[in-house]
Amino acid sequence: MIDTVHANDPSAVIEADRAHVWHHLTQHKPFETVDPRIIVEGRGMRVWDIKGKEYLDAVSGGVWTVNVGYGRESIVRAIADQLMKLNYFAQSAGSIPGSIFAQRLIDKMPGMSRVYYCNSGSEANEKAFKMIRQIAYKRYGGKKYKILYRERDYHGSTLAAMSAGGQDERNVQYGPFAPGFVRVPHCLEYRRHEQEGAPSEHYGEWAADQIEQVILREGPDTVGGLCLEPVTAGGGVITPPDGYWEKVQEICRKYDILLHIDEVVCGLGRTGTWFGYQHYGIQPDFVTMAKGVASGYAAIACCVTTEAVFEMFKDDPSDKLGYFRDISTFGGCTAGPAAAIENMRIIEDENLLENTRKMGERLMNNLHELMSRHRVIGDVRGKGLFCGAELVADRSTKEPVEEAKVAAVVAECAAQGVIIGASNRSVPGRNNVLCLSPALIATPDDIDEITTAMDRALTKVFS
Ligand code: PMP
């Protein structure tokens, strides 16, 4: 039940929020007539709002974050114990939890070697971009400075991360952006008809070839890095087509381009393996992660590199500019790695990777069953507990449904007590993908409750 200590005067909290809080990703005009949602408590898969309404959270804290679920006392204790010993010291010195977590993390990432701590997914990506830029100076006289990113991928909210942002609708009115970031085409097979020359067979190889075309156009000696999400999240839950990743790796090797995988969403179990890229047998040079690293119990992000990358920054001790001259103040907070160690232990001891694979299969089966009855579902995609259902007005043209109807489905699910997401766009400017990413502890009943709510909501909105 809801803990009313935090909400003894709900209307005062709501009014304070309405008067002074600027919510993320939110158009505030509706709050003039509708109360903002204020979540006050969470247990397992469930959260409660300030008015006492209970929800099954099918999006792990709204944005794929609370991987091990709410109310984990052991994580809270690990953080408290650590904070009593040492809350902070700049990460130019080491820390006990920082060292232990780095060791355990690298154990899960064969071929990787070094962990650079910071606070957010955007920041972790910026670290990788800066390292790639600096390598261009150190190895290639500054020439190999360009970083490729993909249409529909998202890498963060800071300006350089937005310069690598593949969702134009998020970037409108914030330019100009940083130079040296170059876009490559998306790999969403369902929408290949919108891509000129896309074949109906071997689409994955073709989509990877498009990256090579961009490299050749830009000049391979100017391209230093390629940054991709293993499964695109906010851009429409885009699972890579067969043959894609093998070819991408081959292209990176061919042109000496560093491969940076953005695991901010997929990292720490979301897709049923420790990291999303591990489904595809590839070996990255950089892996960035944030959300699931400590499941939102503390802010922590990591930019992980190979030893070969690290070595490039220590090759000349007399070169006073040659090291990575970067800092993240709160990368020295010890709460993050203390929480991350316990978060990882929970995923291991409770077999959550296996559960994610099993429950992900159930979720996909349920979604396919919904698709067989609701013509508005044009495609379902997913990997592990990370799934999307794309809504179209017409299955043959694949014209997206009106955005207001998608919002109505989300609102109807919430009214039934299930929070799903829809801030995922596979078409520029349109929210038309329903997004599901429940915590990795989901049970068969939870999965069925989510899809039952969707079934009712789709029926109500579209019939
Ligand atoms: N990369 C991806 C793939 C993301 O989905 C996000 C956040 N949604 C980020 C980076 C940015 O993370 P943060 O909001 O922690 O800066």
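Of the 463 residues in the protein chain, 48% are buried, a residue being called buried if 20 or more other C-beta atoms lie within 10 Å of its own, exposed if 12 or fewer do, and partly exposed in between, with C-beta atoms placed from the backbone. The model is a predicted one, in which local features need pLDDT of at least 70 and side-chain atom pairs count only at pLDDT 80 or more, while totals for chains, interfaces and linings use all residues. Residues are numbered from 1 along each chain as its sequence is written.

**Overall form**

The secondary structure of the protein chain comprises 14 helices and 16 strands; helices (H or I, at least four residues) and strands (E, at least two) are DSSP runs, numbered from the N terminus. The radius of gyration of the protein chain is 22 Å, which agrees with the value near 23 Å that a compact globule of 463 residues would have; this radius is taken over C-alpha atoms, and the globule rule is 2.2 Å times the number of residues to the power 0.38. Along the principal axes, the C-alpha atoms fill a box of roughly 65 × 60 × 40 Å. Among contacts in the protein chain with a separation of 6 or more, 72% link residues 24 or more positions apart, where two residues are in contact if their C-beta atoms, placed from the backbone, lie within 7 Å.

An open sheet of seven strands has the order 4-10-9-8-7-5-6, with mixed pairing; two strands pair if DSSP finds at least two bridges between them. Strand 4 (114-118) and strand 6 (181-184) stand at the edges with a single partner strand each, so one side of each lacks a neighbour in the sheet. Neighbouring strands of this sheet are turned by 20° against each other on average, direction ignored.

| Strand pair | Bridges | Direction |
|---|---|---|
| Strand 7 (residues 223-228) and strand 8 | Four bridges | parallel |
| Strand 8 and strand 9 (residues 286-289) | Three bridges | parallel |
| Strand 9 and strand 10 (residues 301-305) | Four bridges | antiparallel |

Within these pairings, Leu226 stands opposite Leu259 in strand 8, Ile261 has Val287 in strand 9 as its bridge partner, and Thr288 stands opposite Cys303 in strand 10.

Strand 7, helix 9 (residues 244-255) and strand 8 together make a right-handed β-α-β unit, right-handed meaning that, with the strands pointing away from the viewer, the path from the first strand over the helix to the second runs clockwise.

Helix 5 (residues 121-140) lies across strand 4, strand 5 (146-150), strand 7, strand 8, strand 9 and strand 10, and runs at about 30° to strand 10; axes are lines fitted to C-alpha atoms, for helices over the stretch in contact, and angles run from 0 to 180 degrees between N-to-C directions.

**Two buried residues**

Pro284 is placed in the loop between strand 8 and strand 9 and is buried, with 26 other C-beta atoms within 10 Å. Apart from its neighbours within four places in sequence, Pro284 is in contact with Leu259, His260, Ile261 and Tyr277. Ala102, found in helix 4 (residues 96-107), counts as buried because 21 C-beta neighbours lie inside 10 Å.
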